[in-house]
Amino acid sequence: MTMNNTGGRRRPPTIHDVAREAGVSRGTVSRVLNGGHYVSPAAQEAVNAAIRRTGYVVNRHARSLITGRSDSIGFLLTEPQERFFEDPNFNVLLRGCTQALAQHDIPLLLMLAGTQDERRRITRYITAGHVDGVLLVSSHSGDPVAQELREAGVPLVACGKPIGLGSKVSYVAADDRDGARDMVRHLLSLGRRRIGVVTGPLDTPGGVERLAGYKEVLGEAGVEIDERLIVSGDYSRASGEAGAERLLAQAPDMDAVFVASDLMAQGVLTALQRAGRRVPQDVAVGGFDDSPAAVSASPELTTIRQPWDRISAEMVRVLLAQIGGEDPAAVILPTELVKRASA
């Protein structure tokens, strides 16, 4: 901070102070602040050192008038607001993306759009240029948001492969199918043969891929696929509880259940305990995510770990690259089986 001419309150340092401190022109400082193009390494280091010494902070509003950028990113969740507070995965992903963007001094704006009207308003806001790009979470088939943002030229990265948009939209995803295969193989290795499944929503990539992995492994093991052992949920705890009740009614000889999210698995445990089924002695239970819900469950859940830190970091990396002019990209990350008390 610098003293003003009257010796009173300190004024914030300006770009001129940085230039004087670094011994370079104001134009060189401006080029460093806007990406470092046509600046020598020595000059860039001198400017960065001067910024640290003076405590200069970029005036984002002024820079946005010059560059046409907002210098902010949107985190768009196209789910009802209560899901954001119930499902720990969203909070873990939001925290990871916030931390990854903080390394670039870019703020993240949380946008919740669970209804059609909310999605229309948020889409108008985004396409008006109030954010430079969007991290899209939980995009269902038929949800027009991804398509509309893509057509408007808004840089976009989805968490999970958006159904129906193919290679036109960047995405980062865990290997849902392979994770499901690992879980079902584990349940088979315990000697279980009547393995039920509570799927995720079948208009989402995770719902489709995890069910596919379940069916593939049973087929490979020569275990007949019984449709009475397959029910769907919506990733909420209540839907897991209801799903387990349907399974118990349709297939009372079920000896294991693969649940497509840890939060739903908590509901499954509640229903099994109410029915007098011991876990894992009578029914082994496997989840998916390795979210905080897995370790707060009783018993703690055997589950499939999604690498949330890597997913959030890759979403940010791919989005910033796209904002910088690179083509859409797809990143698929491996999952890991985590064994605990439930199976």
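Phe75 lies in strand S3 (residues 73–77), where helices (H or I, at least four residues) and strands (E, at least two) are DSSP runs numbered from the N terminus. The model is a predicted one, in which local features need pLDDT of at least 70, side-chain atom pairs count only at pLDDT 80 or more, and totals for chains, interfaces and linings use all residues. Residues are numbered from 1 along each chain as its sequence is written, and side-chain values use heavy atoms, with hydrogens and water left out.

With a relative accessible area of 0%, Phe75 is buried; that word stands for under 20% relative accessible area, exposed for over 50%, and partly exposed for what falls in between (1.4 Å probe, protein chains only). Leaving aside residues up to four places away in sequence, Phe75 touches Phe90, Leu93, Leu94, Cys97, Leu108, Leu109, Leu110, Met111, Leu135 and Val137, a contact being heavy atoms within 4.5 Å.

Lys215, in helix H10, is partly exposed, with a relative accessible area of 31%. Not counting residues up to four places away in sequence, Lys215 touches Ile225, Glu227 and Ile230, and from Lys215 to Ile225 the separation is 10 residues in sequence and 6.9 Å between C-alpha atoms.

Two helices can be set out by their spans, for which the expected value is 1.5 Å times one less than the number of residues.

| Helix | Residues in helix | Expected span | C-alpha to C-alpha span |
|---|---|---|---|
| H14 | 16 residues | 22 Å | 22 Å |

Helix H12 is mostly covered, since 10 of its 13 residues are buried, among them Asp262, Leu263, Met264 and Ala265. After H12 comes Gly276, whose phi is positive, near 80 degrees. In H14 the buried residues include Trp308, Ile311, Met315, Val318 and Leu319, and what covers the buried residues of this helix includes S3, H6, S5, S6, S7 and strand S13 (330–333). Just after H14, Gly325 takes a positive phi of about 110 degrees.

Some backbone features lie in loops. The peptide bond from Val279 to Pro280 is cis, with omega near 10 degrees, and Pro280 is placed in the loop between helix H12 (262–274) and strand S11 (284–286). The bond from Ser298 to Pro299 is also cis, with omega near 0 degrees, and Pro299 is found in the loop between helix H13 (292–296) and strand S12 (303–305). Asp105, which is not a glycine, has a positive phi of about 60 degrees; its place is in the loop between helix H6 (88–102) and strand S4 (108–112), and Asp105 is exposed, with a relative accessible area of 54%. Asp289, likewise a residue other than glycine, has a positive phi near 130 degrees and lies in the loop between S11 and H13, but at 3% relative accessibility Asp289 counts as buried.

Rolling a probe the size of a water molecule over the atoms shows where empty space is left. Here a cavity is, on a 1 Å grid over the protein atoms alone, a set of points where a 1.4 Å probe fits but cannot get out, and lining residues have an atom within 4 Å of a point; grid points are joined across faces, edges and corners, and a volume is the space filled by probe spheres set on the points. By this rule there is one cavity of 30 Å³ or more, and the largest cavity has a volume of about 430 Å³. Its lining consists of 28 residues, of which Ser138, Cys159, Arg210, Tyr235 and Trp308 lie nearest the centre. The elements that give two or more residues to this lining are H6, strand S5 (133–137), strand S6 (156–159), strand S7 (170–174), helix H10 (205–220) and helix H14 (308–323). The lining divides into 13 nonpolar, eight polar and seven charged residues, where Ala, Val, Leu, Ile, Met, Phe, Trp, Tyr, Cys and Pro count as nonpolar, Asp, Glu, Lys and Arg as charged, and the others, Gly among them, as polar.

Taken as a whole, the protein chain has 14 helices and 14 strands, and of its 343 residues 52% count as buried. Among the contacts in the chain with a separation of 6 or more, 69% are between residues 24 or more positions apart.

Note on methods
On a 1 Å grid over the protein atoms alone, a cavity is a set of points where a 1.4 Å probe fits but cannot get out, and a pocket is an open set with protein on both sides within 12 Å along at least five of seven lines; lining residues have an atom within 4 Å of a point.
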